[in-house]
Amino acid sequence: PGSWQLWRQTGDKGEWEIYREGRTSLTEIPFAPIYGRREGFMVGKPPMLDLAYLNVKHWQSQSDQDTIEHVARVPILAGVGIEEGSPITVGANCAVNLPLGADLKYVEHSGASIKAGADSLIRLEEQMIQSGAELLVKKPGDRSATESANDAEGNKSDLQRMAEMFMDSLDLAMYFTAKFMGLDSGGTVKLYTDFGAGTLSEASAQLVLNIQQGGLITKGTAIKELQRRGVLDEAVDADDELALVEAEGPAPGTMTDEDTE
């Protein structure tokens with residue numbers, strides 16, 4: 001902390017030597033790690049590694065399928081009871097003179113392995129879809145005493161946890177940048193993290209409307225919740241929207257005698 005060194009390999013033996021070094025204005029190492037699936041301090045692994053392996057398997061299986069389909073499309077001409085070396089002319093305008101008891105026919109693939117290979121590819125693709133979708137499945141995590149009172153904190157999807165860690169890493173990187181520039185604060189970053197809500201957006205959106213109509217939340221909060229679920233565009237400003245609705249007057253069919261007066 002507070003210093004840096006640049007090492008290079010030199011000479012025929014490739015020995016490492018200090019090429020440059022100096023001091024920094026920070027008392028800590030300005031490094032903000034970003035984890036995929038965190039397994040420990042500075043240790044992580046790709047969150048979609050299983051899907052990557054399935055992609056390799058799919059490529060291999062698809063290659064085998066293409067090969068067997070190519071073979072099956074080309075029938076083999078087979079002759080039975082024909083003397084070896086006998087000249088045979090095969091064509092649309094040709095007739096073949098065969099010895100008595102001989103036979104000439106095309107041998108084609110039965111196609112059983114083609115269907116099996118196609119079915120295997122479909123199952124593999126379903127596995128790949130499931131592997132990707134697992135990032136959106138809410139899973140219990142490590143819960144503190146404070147979090148135990150809130151199930152939403154204790155049950156998050158892997159993608160949500162990754163987005164939150166990514167957000168923290170960006171905040172840390174901006175903090176280091178501010179320190180380099182002599183600023184008090186580097187600001188904060190806000191990312192979309194409510195991936196679990198998006199999977200049930202239609203059902204939960206209707207629930208939000210029912211709660212608002214029941215008077216338990218304001219219209220502004222309802223708009224923000226609908227934005228969070230992807231029902232409304234993020235660019236919609238709740239205050240501006242409510243002001244425009246007020247200017248338009250009551251919705252058709254909801255006017256009363258008091259409104260007309």
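Reply: Start with Lys45. In this predicted model, Lys45 is partly exposed, with a relative accessible area of 36%. Lys45 pairs with Glu39 in a salt bridge. The closest N and O atoms of that pair are 4.0 Å apart. Glu39 counts as exposed, because its relative accessibility is 53% and the cut-off for exposed is over 50%.

The structure holds 4 salt bridges. Another of them joins Asp119 and Lys115, with 3.0 Å from N to O. Both residues lie in helix 2, which spans residues 112-133. They sit 4 residues apart, about one turn of the helix. Asp119 is partly exposed, at 29% relative accessible area. Lys115 has 55% relative accessibility, so Lys115 counts as exposed.

Helix 4 covers residues 158-181. Here Arg161 forms a salt bridge with Asp158. Their closest N and O atoms are 3.9 Å apart. Arg161 and Asp158 are 3 residues apart in helix 4, so about one helical turn separates them. Asp158 counts as buried, because its relative accessibility is 14% and buried means under 20%. Arg161 reaches 23%, so Arg161 counts as partly exposed. This pair also belongs to a network: salt bridges link Arg37, Asp158 and Arg161.

Now the helix packing. Helix 1 runs over residues 49-72. The axes of helix 1 and helix 2 come within 10 Å. They cross at roughly 160°. Helix 1 is therefore roughly antiparallel to helix 2, because angles over 145 degrees count as roughly antiparallel. The crossing of helix 1 past helix 2 is left-handed.

Which residues make the contact? On helix 1 they include Asp50, Leu51, Leu54, Asn55, Lys57 and His58. Ser61, Gln62, Gln65, Ile68, Glu69 and Ala72 of helix 1 also take part. From helix 2 come Ser113, Ile114, Gly117, Ala118, Ser120 and Leu121, among others. Leu124, Glu125, Gln127, Met128 and Ser131 of helix 2 contribute too. By type, the residues of this contact divide into 9 nonpolar, 10 polar and 4 charged.

Terms used
Residues are numbered from 1 along each chain as its sequence is written. This is a predicted model: local features need pLDDT of at least 70, side-chain atom pairs count only at pLDDT 80 or more; totals for chains, interfaces and linings use all residues. Side-chain values use heavy atoms; hydrogens and water are left out. A salt bridge is a side-chain nitrogen of Lys or Arg within 4 Å of a carboxyl oxygen of Asp or Glu. Buried means under 20% relative accessible area, exposed over 50%, partly exposed in between (1.4 Å probe, protein chains only). Helices (H or I, at least four residues) and strands (E, at least two) are DSSP runs, numbered from the N terminus. Axes are lines fitted to C-alpha atoms, for helices over the stretch in contact, and angles run from 0 to 180 degrees between N-to-C directions. Angles under 35 degrees count as roughly parallel, over 145 as roughly antiparallel, 65 to 115 as roughly perpendicular and the rest as oblique. A crossing is left-handed if the near helix is turned anticlockwise from the far one by less than a right angle, and right-handed if clockwise. Contact means heavy atoms within 4.5 Å. Ala, Val, Leu, Ile, Met, Phe, Trp, Tyr, Cys and Pro count as nonpolar, Asp, Glu, Lys and Arg as charged, and the others, Gly among them, as polar.
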